[in-house]
Amino acid sequence: MKIAIGSDHGGVNLKAKVADHLRSRNIDLVDFGTFNQDSIDYPDVSEKVGVAVRNGEFDFGILICGTGIGIGIAANKISGIRAALCHDTFSATASRQHNDANILCMGERVIGPGLALDIVDAFLAAEFLGGRHATRVDKINGLEGKY
């Protein structure tokens, strides 16, 4: 498994903890930044991670900002990306099983690192169920070309 990870300045500390956790599980990752708390624009990081995931260079992406909201909204503007904001393990699992989410978004100012690592593990362990959910994901994808 290969993960693309990125954050803005509001998520840099949690991103470092998540990256360390993934490395401890021998999961290959590339960190698209940022690497300090100097203010940056989160859409820039969303674009880097989102395009890399869409192009198939990575299995999944993880994006972190202060709330997870802005960075996820930006990622979802990229065709083929289904970024899910998750602050609990149930949502993380369901986002994979039902929505075939390919990017996990979290907020450093919303959840603590222990819960964040559990969310990451739940997201990566879950598999898309297909079936009726595939029909719905196809409809989501159809919206990209329609509007």
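**Salt bridges**

I started with Asp31 and Lys15, whose side chains meet in a salt bridge at 2.7 Å, N to O (a salt bridge being a side-chain nitrogen of Lys or Arg within 4 Å of a carboxyl oxygen of Asp or Glu). This pair links distant parts of the chain, 16 residues apart: Asp31 is in strand 2 (residues 28-31) and Lys15 in helix 1 (residues 12-24). Helices (H or I, at least four residues) and strands (E, at least two) are DSSP runs, numbered from the N terminus.

A note on the source: this is a predicted model, where local features need pLDDT of at least 70 and side-chain atom pairs count only at pLDDT 80 or more, while totals for chains, interfaces and linings use all residues. Residues are numbered from 1 along each chain as its sequence is written, and side-chain values use heavy atoms, with hydrogens and water left out.

I then checked burial (buried is under 20% relative accessible area, exposed over 50%, partly exposed in between; 1.4 Å probe, protein chains only). Lys15 is buried at 2%, whereas Asp31 is partly exposed at 24%.

Next I looked at Arg96, which forms a salt bridge with Asp100, closest N and O atoms 3.0 Å apart. Arg96 counts as buried at 7% relative accessibility, and Asp100 as partly exposed at 21%.

Arg23 is partly exposed, at 44%. My count of salt bridges comes to five.
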